[in-house]
Amino acid sequence: MNSVAPVPEPDATLVSVVMPVYNAQATMVRSIDSVLAQTHRQLELILVDDGSRDGSAAIMDAYAARDARVVAVRQPNGGVAAARNRGLQEARGTHVAFLDSDDWWEPEKLALQLAHMARTGARVCYTAYQRVAEDGRALAQVVPPERVDYAGMLYSNRIGNLTGIYARSLGEAAFQKTGHEDYVFWLDRVRRAGHAERVPETRPLAYYLVRGGSVSANKLRAAGWQWRIYRNVERLTLPRSAWCMLHYVAHALLKRNPLSRPV
C-alpha cells in the first residue's frame, strides 16, 4: 500500500490548484498527475466533483487517500463556475491556479511562474500554451504578449485559464455564472493587479484539449457573450465596446492559426 504524502507546511509559496470535475474519468488522471508532478512541491490540489455520474468521484478519493496534498470535495451539479468557487472557498494557499480535468501542465509550470513573480513583483502570471485536438494533433500554439494591462485584456483574453496564477494578496474574487466566466475573472485580477506578466519562455507550459462540441467551439455564441461582457459587466460605452469587439474578433482568428504569436 502506498504511503500518504505529507501535508505541505504553510509558507509564502503554497499554491492552491482548483480543478472542477464533471464526468471526467476518461481524462482526469492525466490532469491530476500533471499537477502532482510539479517540481514546485508546495501545493494543494482541490478536486471539486460537480455531481458526476461516472467514476470520477472514486478516482478523486483514491488520489486523496494516497497523497495528502489532494483535497476531494463533492457538491450537487451547479456548473463550472460554482465548482471553481467552491474550490476557492476551500483554498489555503497564498497563490491560486486553475486546471480543468481534461487539460494538463508541464512539470516546471508553477515553479517558473513563481520565480518570475518573485523576480518582477507581478501578482498575476500566465504562460504560453498548446491547443490539442481530441485525436492528439497539435493545433495552434498560443504565445501571448509578455505583459498585459486591463486595456489590453479588453481586446482579448490573454490569460488562458489553465495558465494563470495569481497572488491572493489581490483580494478574493468569484467566478460569475455567465458565458466566458474565466475571462471576466481574469479581467478582475488584472484590473486589481495593474498588469500581468507572461513567463519569458515561449514554449508551451500547458496543454488545452479542444473538444468539437465545446463552448469555445461555438464562435457565434462566444461572440455574443463577449459583447454582453463589454456592455453589462464592464459597462463600456457603445463606441468603446464596438472598438474592443473588432480587436476581439481579430485576436480570436489569430489564436486558431498553426502558430499564434504575440501582437
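Select Asp102 and Arg211 to begin: the two form a salt bridge, with their closest N and O atoms 3.0 Å apart. A salt bridge here is a side-chain nitrogen of Lys or Arg within 4 Å of a carboxyl oxygen of Asp or Glu. The pair links distant parts of the chain, 109 residues apart. Asp102 sits in the loop between strand 4 (95-98) and strand 5 (104-105). Arg211 sits in the loop between strand 12 (206-210) and helix 7 (219-233). Helices (H or I, at least four residues) and strands (E, at least two) are DSSP runs, numbered from the N terminus. Asp102 is buried, with a relative accessible area of 14%. Arg211 is partly exposed at 32%. Buried means under 20% relative accessible area, exposed over 50%, and partly exposed in between (1.4 Å probe, protein chains only).

Before moving on, note that this is a predicted model, in which local features need pLDDT of at least 70 and side-chain atom pairs count only at pLDDT 80 or more, while totals for chains, interfaces and linings use all residues. Residues are numbered from 1 along each chain as its sequence is written, and side-chain values use heavy atoms, leaving out hydrogens and water.

The whole structure holds 15 salt bridges. Select Asp61 and Arg74 next; their side chains meet at 2.4 Å, N to O. Asp61 lies in helix 2 (residues 56-66) and Arg74 in strand 3 (residues 70-75), so the pair ties together parts that are 13 residues apart in sequence. Asp61 is partly exposed at 33% relative accessibility. Arg74 is also partly exposed, at 48%.

Now go to Asp188 and Arg191, a salt bridge at 3.7 Å, N to O. Both are in helix 6, three residues apart, which means a separation of about one helical turn. Asp188 is buried at 16%, and Arg191 is partly exposed at 40%.

**Helix 3 against helix 6**

Keep helix 6 (residues 181-193) and show helix 3 (residues 80-90). Their axes come within 10 Å and cross at roughly 40°. Axes are lines fitted to C-alpha atoms, for helices over the stretch in contact, and angles run from 0 to 180 degrees between N-to-C directions. The two helices are therefore oblique to each other. Angles under 35 degrees count as roughly parallel, over 145 as roughly antiparallel, 65 to 115 as roughly perpendicular, and the rest as oblique.

Which residues of helix 3 meet helix 6? Val80, Ala81, Arg84 and Leu88 do, against Glu181, Asp182 and Phe185 in helix 6. Contact means heavy atoms within 4.5 Å.

Eight of them form an open sheet in the order 3-2-1-4-10-6-11-9, with mixed pairing. Strand 3 and strand 9 (147-148) stand at the edges, each with a single partner strand, so one side of each is left without a neighbour in the sheet. Two strands pair if DSSP finds at least two bridges between them.

Select strand 1 (residues 15-21) and strand 2 (residues 43-50): they pair in the parallel sense over seven bridges. Ser16 has Glu44 in strand 2 as its bridge partner. Helix 3 packs on the sheet, touching strand 1, strand 2, strand 3, strand 4 and strand 10 (165-167). Its direction makes about 145° with that of strand 2.

**Last stop: a hairpin**

Show strand 7 (residues 129-133) and strand 8 (residues 138-142), which run antiparallel and are joined by three bridges. Val132 stands opposite Ala138. Four residues lie between the strands, and Gly136 takes a positive phi near 95°.
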